[in-house]
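Could you walk me through this protein model, as someone meeting it for the very first time?

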Amino acid sequence: MNKKYQIDSEENRQFLQELCNELLGFGHKFPSPGGSSYYLGDDGTPWKERNRETWITSRMAHVYSIGTMLGHEGSEELVDAALKGLRGELHDVKNGGWYAGLTADGNIVENKQCYAHAFVILAATSGMLAQRPGAEELLQDALKLYDLRFWNEEEGLSCDTWNTEFTVLDEYRGINANMHTVEAFLAVADVAGKEEYRVRAGRIIDRVTGWAADNNWRIPEHFTKDWVADLECNKEKPDDQFKPYGATPGHGIEWARLITQWALSTYKEDKEAAGKYIEIAENLYNRAVEDAWNTDGAPGIAYTTDWNGNPIVHDRMHWTLAEAINTSATLYHVTKKQKYADDFAEFMEYLEDKVHDHVNGSWFHQLDRNNNVIGTVWPGKSDIYHALQATLIPYYASDVSIAAAVKQGLKR
């Protein structure tokens, strides 16, 4: 195997460093005049006819906060632009919270999404680390709103979607929003020292891993208002962008990393307690990779499977590869099991061969089962969040949120 793909080699470190620099350069054109993020096209040129989403704007604030700490030129201005959008045109002054986004002509995109609000929290924590004006106030506002509207203390989970006025709560409950809530809550604990949010993250993790354990480590994604799994949700629209039918192996992989981070940060001195959760993380990761990696005669991770592990949507999404890179590296460093190092090397080779765009930069966001670029679910290259994190997480501490780890210089 080429040393370029081998974890802990100088060649691999250099490879990821080059990808990181390229990605940060690729995203420079995201800010609209009001600060909300344009959706980026194939070469990084904004697609101004598309909605300017709050979750994308938040992701860009997060990644360029990291860019600031890495010394990437121009990052400070880009973070400030995104924060301007989050504190300005995307913020609902009348009803509180953040619109889902804005249309090309400046109208609001209806509804208030838990998913988007979790990313606002993440953006604010990273902005604080980068010492950007307004970030601390944004975090205070975002936590107050989130606690009021989305977090359910009794259930230990978050709801999903309100109407714009916060008067009607949708009956759908989802795991994707809760996953990014865990990510955001861990960042709040790491950055603002609010340990109650780490405890909340653990409550979510316990609920989700319980459901997964009862389902052969395939995580149910969709639920009723009473948290009853809806395993048939969107069976007629299996490639839905945010609510696909069946199991999403990429999420099983992503959860595995977040669970590991939570366990290591929660049970710093209790290796036995942490080990129980790391074993859960391994079960989730290994089930997902077994079901979806190289499962149909070509390299890549299938987007979704049925509840027996058979691929449903064979397309490969770039974010699933990014998370596979992150989690295989994390599990290798934590467990020292060679299997994860071998997986990492395979993922790296696949990244360079199929997913990295060597002409225009960034990573192709969607490939078909034969690894041809398509755009039925993810046209263009909306943002750089997943890909950028995959260039960093493999070589930073596993028990700290990535922005905090970069700030503290916690390199391996």
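What follows is a short tour of pockets, then a sheet, then pairs of helices.

Please keep in mind that this is a predicted model.

Let us begin with the open spaces. The largest pocket has a volume of about 540 Å³. Its lining is made up of 27 residues, and those closest to the centre are Gln113, Asp160, Thr161, Phe242 and Lys243. Which elements give two or more residues to this lining? They are α2 (54-70), β9 (161-162) and α6 (175-192). Sorted by class, the lining of the largest pocket holds 10 nonpolar, 9 polar and 8 charged residues.

The second largest pocket contains about 240 Å³ of space. Here 14 residues form the lining, with Gln17, Thr391, Leu392, Tyr396 and Lys411 closest to the centre. Helix α1 (residues 10-26) gives the most to this lining, contributing 6 residues. By class, the lining of the second largest pocket divides into 7 nonpolar, 5 polar and 2 charged residues.

**A sheet of strands**

Next comes an open sheet of 3 strands, in the order β3-β4-β5, where the pairing is antiparallel. Why is one side of β3 (52-53) and of β5 (108-109) left without a neighbour in the sheet? Both strands stand at the edges and each has a single partner strand, so one side of each has no neighbour there. Looking at one of these pairings in detail, β3 and strand β4 (residues 101-102) run antiparallel and are joined by 2 bridges. Within that arrangement, glutamate 53 stands opposite glycine 101 in β4.

| Helix pair | Angle | Axis distance |
|---|---|---|
| α2 and α3 | about 150° | 8 Å |
| α1 and α2 | roughly 125° | within 11 Å |
| α4 and α5 | roughly 150° | within 8 Å |

Start with α2, whose partner is helix α3 (residues 75-87), packed at an angle of about 150°. That angle makes α2 roughly antiparallel to α3, because angles over 145 degrees count that way. The crossing of these two helices, α2 and α3, is left-handed.

Helix α2 also crosses α1, at roughly 125°. How do α1 and α2 lie towards each other? They are oblique. As for handedness, α1 passes α2 in a left-handed crossing.

The remaining pair in the table is helix α4 (residues 114-129) with helix α5 (residues 135-149), whose axes cross at roughly 150°. These two, α4 and α5, are therefore roughly antiparallel to each other. Their crossing is left-handed too, as α4 passes α5.

**Bringing it together**

Helix α2 is among the elements that give two or more residues to the lining of the largest pocket, while helix α1 gives the most to the lining of the second largest pocket. The axes of α1 and α2 come within 11 Å.

Note on methods. Residues are numbered from 1 along each chain as its sequence is written. This is a predicted model: local features need pLDDT of at least 70, side-chain atom pairs count only at pLDDT 80 or more; totals for chains, interfaces and linings use all residues. Side-chain values use heavy atoms; hydrogens and water are left out. On a 1 Å grid over the protein atoms alone, a cavity is a set of points where a 1.4 Å probe fits but cannot get out, and a pocket is an open set with protein on both sides within 12 Å along at least five of seven lines; lining residues have an atom within 4 Å of a point. Grid points are joined across faces, edges and corners, and a volume is the space filled by probe spheres set on the points. Helices (H or I, at least four residues) and strands (E, at least two) are DSSP runs, numbered from the N terminus. Ala, Val, Leu, Ile, Met, Phe, Trp, Tyr, Cys and Pro count as nonpolar, Asp, Glu, Lys and Arg as charged, and the others, Gly among them, as polar. Two strands pair if DSSP finds at least two bridges between them. Axes are lines fitted to C-alpha atoms, for helices over the stretch in contact, and angles run from 0 to 180 degrees between N-to-C directions. Angles under 35 degrees count as roughly parallel, over 145 as roughly antiparallel, 65 to 115 as roughly perpendicular and the rest as oblique. A crossing is left-handed if the near helix is turned anticlockwise from the far one by less than a right angle, and right-handed if clockwise.
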